[in-house]
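I opened this model to check its fold, its ligand site and a few loop residues. My notes follow.

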Amino acid sequence: MKPAIDLSLCMRTGQCFYLHPGYFKEGADGYPIIIKSLTTESATLKENILDCCPAQAIVFAEQQ
Ligand code: SF4
């Protein structure tokens with residue numbers, strides 16, 4: 001599952017890259033950059049990532 005970020009919702013609060021640095025990093029503009037996809041067995045991690053975002057800007061889509 002590959003996370004995506006809706007930048008129209010993102011408030012640049014930073015929880016995603018502070019709490020999950022293996023999956024996100026901070027870009028030069030303060031918006032997160034996705035650096036890694038989740039494996040299919042990472043359901044708990046997926047929930048944790050979704051829960052960390054106060055703007056509900058993170059979504060998951062099946063990988064192509
Ligand atoms: S946690 Fe959500 S609102 Fe905060 S920087 Fe990440 S995507 Fe944006």
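Is Arg12 buried, partly exposed or exposed? I looked it up: Arg12 counts as partly exposed, at 47% relative accessibility. The cut-offs are under 20% relative accessible area for buried and over 50% for exposed, with partly exposed in between (1.4 Å probe, protein chains only).

**Ground rules.** I am working on a predicted model, where local features need pLDDT of at least 70, side-chain atom pairs count only at pLDDT 80 or more, and totals for chains, interfaces and linings use all residues. Residues are numbered from 1 along each chain as its sequence is written, and side-chain values use heavy atoms, with hydrogens and water left out.

**Fold.** I find two helices and four strands in the protein chain. Helices here are DSSP runs of H or I with at least four residues, strands are runs of E with at least two, and both are numbered from the N terminus. The order from the N terminus is β-α-β-β-α-β.

I checked the overall size next. The protein chain has a radius of gyration of 11 Å, which agrees with the value near 11 Å for a compact globule of 64 residues. That radius is taken over C-alpha atoms, and the globule rule is 2.2 Å times the number of residues to the power 0.38. Along the principal axes, the C-alpha atoms fill a box of roughly 30 × 20 × 20 Å. Buried residues make up 36% of the 64.

I then looked at contacts, meaning heavy atoms within 4.5 Å. Of those with a separation of 6 or more, 53% join residues 24 or more positions apart.

**Ligand site.** Which residues surround the ligand? I list Cys10, Met11, Arg12, Thr13, Gly14, Gln15, Cys16, Pro32, Cys53, Pro54, Ala55 and Ile58.

The ligand sits in the largest cavity. A cavity is a set of points on a 1 Å grid over the protein atoms alone, where a 1.4 Å probe fits but cannot get out.

Arg12 is in the loop between strand 1 (2-5) and helix 1. I noted its positive phi of about 55 degrees, although Arg12 is not a glycine. Most residues other than glycine have a negative phi.

Cys10 lies in the loop between strand 1 and helix 1. I read it as buried, at 15% relative accessibility. Leaving out residues up to four places away in sequence, Cys10 touches Ile5, Tyr31, Pro32 and Ala57. Its C-alpha atom is separated by 17 Å from that of Pro21, 11 residues apart along the chain.

Thr13 is found in the loop between strand 1 and helix 1. Thr13 is partly exposed, at 42%.

**Other loops.** Where is His20 placed? His20 is in the loop between helix 1 (15-19) and strand 2 (24-26). His20 is buried, at 12%. Beyond four places in sequence, I see His20 touch Gln15, Leu45, Asn48, Ile49 and Cys52.

Gln56 is found in the loop between helix 2 (43-52) and strand 4 (58-61). Gln56 has a positive phi of about 55 degrees and is not a glycine. At 64%, I log Gln56 as exposed.

Notes:
Near = heavy atom within 4 Å. 1 Å grid on protein atoms, 1.4 Å probe; cavity = no way out; pocket = protein on both sides within 12 Å on 5 of 7 lines; lining within 4 Å. Sits in = over half its atoms within 2 Å of the grid points.
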